[in-house]
Amino acid sequence: MAVLIGMAAVGVFGSVQVLRSRVRPPSTASSVAMGERHACAVVSGGAVRCWGAGSFGQLGNGTTQIGSGSEPVRGVVAPTVIAAGDDYTCSVEGSGAVMCWGLDTVGQLGDGRTDAVSALPSTVAIPPARSVAAGLDHACALGKDRRIRCWGGNEAGQLGTGFASRRSTPVLARLAPTNARLVAAGDRNTCAVSDRATITCWGRGPWATADDASAVARSRIESGVVSDLDVGGTQVCVTVSDRSVMCAPLDRPRRVVESGRARPLVFSAVDGVGADLFAVGERVACAAAGGSLPACWSAGESTARIVDRVPLDELGVGGSSLCGIAVAGHRLHCFPLPRGFR
């Protein structure tokens with residue numbers, strides 16, 4: 001998942017525990033991204049500040065301690081995109097450079113190492129990027145050339161190479177469309193949007209058998225142009241140009257499919273929300289319509305339910321928590337989700 005700073009899109013992954021920590025997040029922010037046990041926000045002046053667990057260096061401040069967000073991430077200033085994975089974070093600079101920091105057990109930082117921890121950002125060696133998406137333990141960048149390059153864990157084929165071997169440096173995702181506009185990374189899967197409304201997904205999902213790393217799903221939204229995309233642990237969702245939200249479940253039993261054959265995902269509309277922005281977490285998705293009240297739904301549900309009374313402009317959602325940027329004063333507003341969404 002990824003946060004596109006200055007645009008109506010926020011993506012996250014994980015069961016966030018940062019609200020239970022004994023630290024205080026920044027009071028104001030322009031965007032937020034949430035990982036498994038940490039979160040990061042872009043604050044005034046363009047600095048990135050992270051808080052929560054830091055034992056794997058995911059706070060980017062040079063330490064492996066719990067952090068309060070008081071120290072900025074070193075070497076990252078005014079990013080255009082920020083994305084949080086399980087216990088790591090990535091960003092895109094204005095130049096298109098991608099930087100990552102945190103846990104690096106399977107190459108998710110893209111720096112050629114594994115079984116390592118990096119408490120400071122390192123640059124990923126790829127062509128200039130438009131955006132970056134962080135999944136459980138893999139990341140993908142959408143280049144300015146509209147090609148997708150991925151790195152990290154790959155046991156389900158989520159890197160899009162057609163094989164299941166992990167990569168500690170970026171590799172071209174050959175299963176991805178060559179003219180992608182959007183990319184999102186989920187649990188052990190990745191999805192992209194090409195042309196106006198074609199969605200392609202690969203990795204773990206109902207389109208593939210357990211040992212098939214080359215299967216893809218391809219679907220087309222007929223109701224309008226896809227304006228945003230996000231993937232979580234149990235569903236993939238899109239927003240459409242008419243401000244509707246449509247989702248397809250990812251936790252259905254896998255079909256027996258021919259290797260490499262594209263199978264469609266079935267998207268259905270979510271009622272009760274007309275969204276300018278949304279975020280999909282591990283088990284729940286939430287949306288808000290340009291400063292409206294946040295509403296959430298679980299995979300397979302057709303109706304969203306309002307979960308808070310503070311109008312929000314940006315969203316980040318984890319397994320048990322939601323953070324957003326309040327319309328009034330750009331205040332960072334975080335709260336636990338209702339029990340039914342945990």
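**Strand content and pairing in the predicted model**

The secondary structure of the chain amounts to 0 helices and 29 strands. The model is a predicted one. Of its 342 residues, 62% count as buried. The chain exposes about 12200 Å², and carbon and sulfur atoms supply 50% of this area. Among contacts between residues at least 6 apart in sequence, 51% join residues at least 24 apart.

An open sheet is formed by 4 strands in the order β2-β3-β4-β5, with antiparallel pairing. Its edges are β2 (31-34) and β5 (67-77), each of which pairs on one side only. From one strand to the next, the twist averages 25 degrees. Within this sheet, β3 (residues 38-42) and β4 (residues 47-52) run antiparallel and are joined by 5 bridges. The bridge partner of C40 in β4 is C50.

Strand β19 (residues 235-240) is largely enclosed by the rest of the structure, because 6 of its 6 residues are buried. In a regular strand, side chains alternate between the two faces of the sheet. Both faces of β19 are covered, with Q235, C237 and T239 buried on one side and V236, V238 and V240 buried on the other.

β19 pairs with β18 (residues 226-231) in the antiparallel sense over 5 bridges, and D228 stands opposite T239. A hairpin of 3 residues joins β18 to β19. Strand β20 (residues 245-249) also pairs with β19 in the antiparallel sense, over 5 bridges; here M246 is the bridge partner of V238. The hairpin of β19 and β20 has 4 residues between the strands, and R243 in this hairpin takes a positive phi near 75 degrees.

Definitions and conventions
Residues are numbered from 1 along each chain as its sequence is written. This is a predicted model: local features need pLDDT of at least 70, side-chain atom pairs count only at pLDDT 80 or more; totals for chains, interfaces and linings use all residues. Side-chain values use heavy atoms; hydrogens and water are left out. Helices (H or I, at least four residues) and strands (E, at least two) are DSSP runs, numbered from the N terminus. Buried means under 20% relative accessible area, exposed over 50%, partly exposed in between (1.4 Å probe, protein chains only). Contact means heavy atoms within 4.5 Å. Accessible areas come from the Shrake-Rupley method with a 1.4 Å probe; for residues, only the protein chains shown count as cover. Two strands pair if DSSP finds at least two bridges between them. Axes are lines fitted to C-alpha atoms, for helices over the stretch in contact, and angles run from 0 to 180 degrees between N-to-C directions.
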